[in-house]
Amino acid sequence: MLLKKYGIRTFIAFTHDFIAIGLAWWLAYLFRFNFEIPADSVQLLLEMLPWLVLVQGVFFLWLGLYRGLWRYASLPDLKRIFVAVMSGSLTELLLLWLFGLLTKIPGAVVVLVPLLLMLIMGGSRLIYRAWKERRLYGLESNEAKLVLIIGAGSTAVNLVKALTGSREWHVVGMLDDDSRKLGTRLQGIRVLGRIDELPHWVHTLNVEHVIIATPSVSRQIHRKALEMCSEIDVKAMTVPSYADLISGKSMVTNIREIQLDDLLGRAPVVLDDDGLHGLLTGKVILVTGAGGSIGSELCRQLAAFEPDRIVFLELNEFALYSIQEEFMPRFPTMKMSFVIGDVKDRARMTQLFSQFHPVVVFHAAAYKHVPLMEEENAYQALLNNVLGTYVLAQVAISFAVEKFVLISTDKAVNPVSVMGASKRLAEMVCQALQQSIAAKHNQPGRNNQSRPTCFVMVRFGNVLGSTGSVIPKFREQIAKGGPITITHPEMTRYFMSIPEAAQLVLQAALMGGTNGGGEIFVLDMGDPVKIVDLANDLIHLSGLGEDDIRIVFSGLRPGEKLHEELLSASENTLPTPHQKLRIAQARQVDEQWLSDMTAWLNKISVLSDQEVRDQLVNWVPEYDSKEWNGK
């Protein structure tokens, strides 16, 4: 019955401890009488021993000495042995006193028994563990870290298989919420329990590392596991993303620390590789803002499609130098040009297009920091984001660029900031240029052999870790010991990773033009994330808790929204063949509007911040500069 209930390993351990009880008493008498035990003492010991073993064994079972495995014996196990032995010994003494036998037992024996019993039981376990880990008597050293794996799916099983024999990691168990897997063994490793039992098993097995091997599950499960690891002070690791695993970019054994991207839990992007090769392979590609977060990632993604040349256009000298230092050794055979230039400088843009003749242009250069552009720099935001887009687009048209892709933002929807309004205005410039191209291209008698420029706009929310974004700021505040400053406790934002954003920009570039061009693609940003939750995630990722780093609320800043939108109330979307891309049916503008707007831009001189806000309303009717502060 005991064997069936507890298993063969537990039965062997229980038997060992019963024998240890008898051995401890026998050794105590031997030591007391100098290895010559009197006959009457032997007789008394033999009569008492069954009852002594029974009493002590009850405490062993009751106090959970057999929940762990000997091969993972640790300090908590020794503590349990101490409590069980002392509790049993005191009970034995009480019973012996009640039956009038205590006076017949030498005092030295009473003292020696618990000490010997703890030594035998604890020593056996530690010797067994040392033998299993090949540490005994100076044999081969194995400094592998004991680790629990969260997950028991195919990724976790492959990880266990790959780590077999590893000198760095030693898997002691798996946790999974699938009730069908509980208690089973996968690749020889037992599924010990559910994920919420993590603190118990970490304590029981003396584990200091946890590997989350569930790359395709929701961010809630990753966040839950991370919070538990933070609370019990164990190191949380994870495997590469599902996308990297299926693409072969990473192997399951490339264990790494958890990044904020992992907590988004977003499904991998499926790209039309054949179509993108047709658009990009062997072509000259120009990327503006190539030293920025999105621009640089676009260049990394573009390199995989083997373009004829990538032209890195950047105004910031240090950013251009940094991207050159990264790309030159990384892609030694690819043709690359690193050029400094301002997109508002028509002469410089004309020179570059004349020299390189790009076929596809990705326009990522923009001033994007909302509060910074709202005060003191509103006019510069207008010039850079609107006039710069217009100048670059006109030059692209004159050189028959096939695709012109504008990187826009969710802040262009019902904008309340100068930055958002300027990006919406840039969208409208591209829309108007597309209409103008279409009208000229369709004129009777016109030679339409040349392919007109197709404008594509891609609108998405925040990307994790981009320059000037909230994530680097939070990390800096955590490094200083806090506090983390957040403008409002209810503030939410849409987030995606930088690689995902870049991939979807490429996919949108391919799909643009199927409806005549001028489409505004809206990326599926998933559910909005509370900034407070994001801050707490970063605190946990830093190995700290909410008690270590305070969060304070400073109030909304000029130009900020409480909640961002991807569509305005007047906009609907059309589906596309790609599940993560939709087309926004935004308000259209015509060629006359473009003529009037550019005449205004060319006519004005330097404007104050308030003058910029006042005049933007004439060109972007949905712009409301007063909404940010709740008015």
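Okay, one term before we start: when I say helix, I mean a DSSP run of H or I with at least four residues, and helices are numbered from the N terminus. With that in hand, have a look just past helix α15, where Ala-400 takes a positive phi of about 55°. I'll come back to that residue. And keep in mind that what's on the screen is a predicted model.

Quick overview, then. The protein chain has 631 residues, and 51% of them count as buried. It holds 21 helices and 22 strands. If you take the contacts with a separation of 6 or more, 76% of them come from residues 24 or more positions apart. The accessible surface is about 29,600 Å², with 55% of that belonging to carbon and sulfur atoms.

Now, α15 itself. It covers residues 378-398, so that's 21 residues, and at 1.5 Å a residue they should span 30 Å; the end C-alpha atoms are 30 Å apart, which agrees. There's a bend in there too, of about 30°, at Leu-387. Is this helix mostly covered or mostly open? Mostly covered: 17 of the 21 residues in α15 are buried.

The largest nonpolar core has 59 residues, and Leu-425, Trp-593 and Met-597 are the ones with the most contacts inside it. α15 gives the most to this core, with 13 residues. Take Met-597 as a way in: setting aside neighbours within four places in sequence, Met-597 is in contact with Val-386, Leu-425, Val-429 and Trp-619. Apart from that core lies another one, of 45 residues, which includes Ala-303, Ile-498, Ala-501 and Leu-523.

Ala-400 isn't a glycine, and still has the positive value. It's partly exposed, because its relative accessible area is 45%, and that falls between the 20% and 50% cut-offs.

There's another one of these, His-357. Again not a glycine, and again a positive phi, of about 50°. You'll find His-357 in the loop between α13, residues 346-356, and β11. His-357 counts as partly exposed as well, with a relative accessible area of 47%.

β12 is residues 403-407, and five of its five residues are buried. In a regular strand the side chains alternate between the two faces of the sheet. So which residues of β12 go on which side? Lys-403, Val-405 and Ile-407 are on one side, Phe-404 and Leu-406 are on the other, and all of them are buried.

Last stop, Asp-533, over in helix α19, residues 531-541. Asp-533 is partly exposed, with a relative accessible area of 33%. How far is Asp-533 from Pro-489 in sequence and in space? They're 44 residues apart in sequence and 9.6 Å apart in space, C-alpha to C-alpha.

That's my tour, thanks.

Key:
Residues numbered from 1 in each chain as written. Predicted model: local features only at pLDDT ≥ 70, side-chain atom pairs only at ≥ 80, totals over all residues. Heavy atoms only, no water. Helix = DSSP H or I, 4+ residues; strand = E, 2+ residues; numbered from the N terminus. Buried < 20%, exposed > 50% of the residue type's maximum accessible area, 1.4 Å probe, protein only. Expected span 1.5 Å × (residues − 1). Bend = angle between axes of the 7 residues up to and from the residue. Contact = heavy atoms within 4.5 Å. Areas by Shrake-Rupley, 256 points an atom, 1.4 Å probe, with all protein chains shown as cover. Core = buried A, V, L, I, M, F, W, Y, C linked by side-chain atoms within 4.5 Å.
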